[in-house]
Amino acid sequence: GGYPQNIWEAVYELNADRIGHGLTLESLENLMQKFVERKVAIEMCPSSNNQIVGYRNFMIPETAEKPVYPLKNYFEKGIRVTINTDNPGISRTDISNEYLLAAQMTAGGISKWDMLKIIRNGFKAAFLPMEVKKGLLLKIENETIKVLTKLSP
C-alpha cells in the first residue's frame, strides 16, 4: 500500500496526479485533504489489496475481524477514487470482478450512482492527452444521459 512518507514525497516533490494503492493514506488526514484540493486520483485494486492486506468482505461473515477497506472513506472525503485490476494475471481478475469485490468490501455496498462517479474518475485520471479525455468524458456523459432518460417515466 505504500508508506505514508512515500505518498507525501510523490504528491509534494514529484507533483504526482495519480497514486497506486495508497492504503496508508487513511492515517494522514491532512494529506487526504491535499488529494482533494489537487485532484490527485487514488487507484484502488481490490483483489490485489485484499490478497496483500486482507480486508473485510461484508458477504463473508468469517472476515468480520479484518480491517475495513478504505475505498468508501476516501470516496466520501472527495478523493478521486478509481477501481483498477492491478495485475490481472497474478490476481486472476478483470475489471467487472474488481467492481464487484469493491462493493463487497464496502459497508452497504456501492450505489450505482457512485459506481458511475468512480468510472468517471477513471476517465479523468487516465494517462491520455487532455483533449482525448475530454472527448471520452463527453461521450460517456451523453450515453449516461440517454440511459437515464430511457429509465425515467
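Predicted model: local features only at pLDDT ≥ 70, side-chain atom pairs only at ≥ 80, totals over all residues.
I will start with two helices. Helix α7 covers residues 112–124, and helix α8 covers residues 130–151. How do they pack? The angle between α7 and α8 is about 160 degrees, and their axes are 9 Å apart. Angles over 145 degrees count as roughly antiparallel, and α7 and α8 are therefore roughly antiparallel to each other. Their crossing is right-handed.

Which residues make that contact? From α7 they are Trp113, Leu116, Arg120, Phe123 and Lys124. From α8 they are Lys133, Leu136, Leu137, Ile140, Glu141, Thr144 and Leu148. By type, the residues of this contact divide into seven nonpolar, four charged and one polar.

Next, threonine 82. This residue sits in strand β3, residues 80–83. Is threonine 82 buried or exposed? Its relative accessible area is 3%, and buried means under 20%, so threonine 82 is buried. Leaving aside residues up to four places away in sequence, threonine 82 touches Ala41, Ile42, Glu43, Met44, Ile118, Asn121, Gly122 and Ala125. Strand β2 is residues 41–44, and Ala41, Ile42, Glu43 and Met44 are among the residues that threonine 82 touches. Ile118, Asn121 and Gly122 are also on that list, and helix α7 runs over residues 112–124.

Now the aromatic rings. How many aromatic pairs are there? The count comes to one. The pair is tyrosine 55 with tyrosine 69, and its geometry is edge-to-face. The ring centres are 5.0 Å apart, with 70 degrees between the planes. Tyrosine 55 and tyrosine 69 are 14 residues apart, and each is in the loop between α3 (46–52) and α4 (71–77). The pair links distant parts of the chain. Both tyrosines lie under the 20% cut-off for buried: tyrosine 55 is buried at a relative accessible area of 7%, and tyrosine 69 is buried at 3%.

Where is lysine 39? It lies in the loop between α2 (29–38) and β2 (41–44). The backbone is the point here. Most residues other than glycine have a negative phi. Lysine 39 is not a glycine, yet its phi is positive, at about 60 degrees. As for the surface, exposed means over 50% relative accessible area. Lysine 39 has 52%, so it counts as exposed.

Terms used: Residues numbered from 1 in each chain as written. Heavy atoms only, no water. Axes fitted to C-alpha atoms, helices over the stretch in contact; angles between N-to-C directions. Helix = DSSP H or I, 4+ residues; strand = E, 2+ residues; numbered from the N terminus. Parallel < 35°, antiparallel > 145°, perpendicular 65-115°, else oblique. Left-handed = near helix turned anticlockwise from the far one by under 90°. Contact = heavy atoms within 4.5 Å. Nonpolar A, V, L, I, M, F, W, Y, C, P; charged D, E, K, R; others polar. Buried < 20%, exposed > 50% of the residue type's maximum accessible area, 1.4 Å probe, protein only. Phe/Tyr/Trp six-rings, centres within 6.5 Å; stacked < 30°, edge-to-face > 60°.
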